[in-house]
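Look over the model, then read on.

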Amino acid sequence: MSERAAILPPVRPDFERRTLDARNIGEIERPLPLLERLTNITALRRFLLLVLLAVIWQAYAAWLDNPLIFPTFADTLAALVKGFLSGELVSRTATSIKVLLMGYAAGVALAAVLTGFAVSTRIGTDLLATLTAMFNPLPAIALLPLGLLWFGLGNPSLIFVLIHSVLWAVSLNTFSGFLAVSQTLRMAGHNYGLSGIGYVTRILVPAALPAILTGLKVGWAFAWRTLIAAELVFGVSSGSGGLGWFIYENKNELETANVFAGLFTVIIIGLLVEGVVFRAVENATVRKWGMQQ
Amino acid sequence: MAVTAALHSSPPVPAEPLLEVEGVTLQYKTKHHLVTATYRVGFRVYRGDRFILLGPSGCGKSTLLKGVGGFLKPVEGSIRLNGKAIERPGPDRMMVFQEFDQLLPWKTVKQNVMFPMLASRRCSAREAAERAMSYIAKVGLDRFCDVYPHMLSGGMKQRVAIARAMAMEPEILLMDEPFAALDALTRRKMQDELLQLWDDVRFTVLFVTHSIEEAIIVGNRILVLSPHPGQMKAEINSIAGDAAEALERRIHGMLFTEETEHAGEPS
């Protein structure tokens, strides 16, 4: 111990100096090599992956040589282009999307009412918690028989199951988003004299927007797959069916390439909504505001 | 505000206190306890005061500020602003919080400053914009008026929050440790800026802090509170210059020596 106590750092003189002009130091930043910059683009990497998958598909299908079971990628693409050019796929898609949007809008509106009620009263909170716990795990398609019984064959029963698939996902996310709004923001809102509807729309909704958007995205995905499944079950109403029915019909006629083309369309629309519509909304809101990276 | 500024050169005590807090006991509930945060605290704030609530954590100073803000009702005693009892939160008592997330992230700096004026329907949109720009300039952020809060540093965010509160020209500003989350250098700078602003605008502020140094720098009158529950220990005039160090030692002594009167003694 005594030996250690004797150790003292040396006393050094002070100094002051001017920092150099950074321009004279030389290279401060240098662009990365082209290949590294290219591989840093997520979209490009994913596109290359898709190309690879398509090549594997084409090779396997060509080797299998059984277009009834597994058409080649080229055949599928041709069927897709033909379907779109003839207008059949377009009109089928339009039918599906029209029903989807009606159900989606109704579901979101109901979710707004339900969460508005939940956020303003305790009994509303309990109601929302109980209902979502009960109905969220229930697959929407399981309600289709009931919908058919109540509303008959046609769009109303489709909308019924769509509402079910959207409502709980959106309500649950919106409400948990509201709960996560920081105490400081809440107090700031009250401090300005905001209360009731004004407080919800001007403080809670924008502050919970990341969670609300997640709810809307999940709701959209649920609704889309529910719709296609429901159309597969009974499909046709008033002459022209939707995409699900298109797939089902073509399976019956053993037009397997068309089945694939129908599935492709389902995927493409899902990707477009997720990657273009929702992404644009996110870029204009939560990303711009720094609430989401 | 301009009138009080003119009066301030000769310092007779104004007859009417702006804020009167009398015998206020505040309690709040946690999940398992009912906590008494302050016990029979009273003080008066006059126009132009930089009134400090100083004390260690647990002395109920922030709770007291929330009480004045109208977020909490006293169990006994009364809080009156201009003679009227405080019932609910309102834009005549603008708060500045410690947390950086008090700004609305979906609004730009300028929109943030305008928002309370518009939300409380105090001003027309044009007047709000003018006032917002003038106060943003006062805190030196004119170049950043169209920037979203997430692009600002902590100190800049607090400046926006101060501009936002001051642009409302409230009766009294309530500041809850606004500089506590800043680094020491920025904090020092912000304290000076706040004093400059006070010289300029002559607002009234009730300022909560746990730093003795900050209390002496920022305040003109300091209420020292003891913890668990918060009770008044002293009310002191702040001094600048060489005497400040002695004052700091005196307050330090007050806060760190235990001397409690026995309960039940007549007060």
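Q: What makes helix H5 of chain B largely enclosed by the rest of the structure?
A: In this predicted model, twelve of the 14 residues of H5(B) are buried, so the helix is largely enclosed. Buried here means 20 or more other C-beta atoms within 10 Å of the residue's own. Among those that pass are Met156(B), Arg159(B), Ile162(B) and Ala167(B).

Q: What covers the buried residues of H5(B)?
A: The cover includes strands S6 (93–96) and S7 (172–176) of chain B. It also includes helices H3 (109–119), H4 (125–138) and H6 of chain B.

Q: How do you know that the span of H5(B) is close to the expected one?
A: Helix H5 (residues 154–167) of chain B has 14 residues. The expected span is 1.5 Å times one less than that number of residues, given as 20 Å. From first C-alpha to last, H5(B) reaches 20 Å.

Q: Why is the largest nonpolar core said to lie between domain 1 and domain 2 of chain B?
A: The core has 132 residues. Both domain 1 (1–11 + 18–92 + 173–258) and domain 2 (99–169) of chain B give residues to this core, so it lies between them. Leu173(B) is one of the residues with the most contacts inside the core. Leu173(B) touches Ala165(B), Met166(B) and Phe203(B), among others.

How values were computed
Residues numbered from 1 in each chain as written. Chains lettered and ligands numbered in written order. Predicted model: local features only at pLDDT ≥ 70, side-chain atom pairs only at ≥ 80, totals over all residues. Core = buried A, V, L, I, M, F, W, Y, C linked by C-beta atoms within 7 Å. Domains from an automatic or database assignment. Contact = placed C-beta atoms within 7 Å. Helix = DSSP H or I, 4+ residues; strand = E, 2+ residues; numbered from the N terminus. Lists of a residue's contacts leave out its neighbours within four places in sequence.
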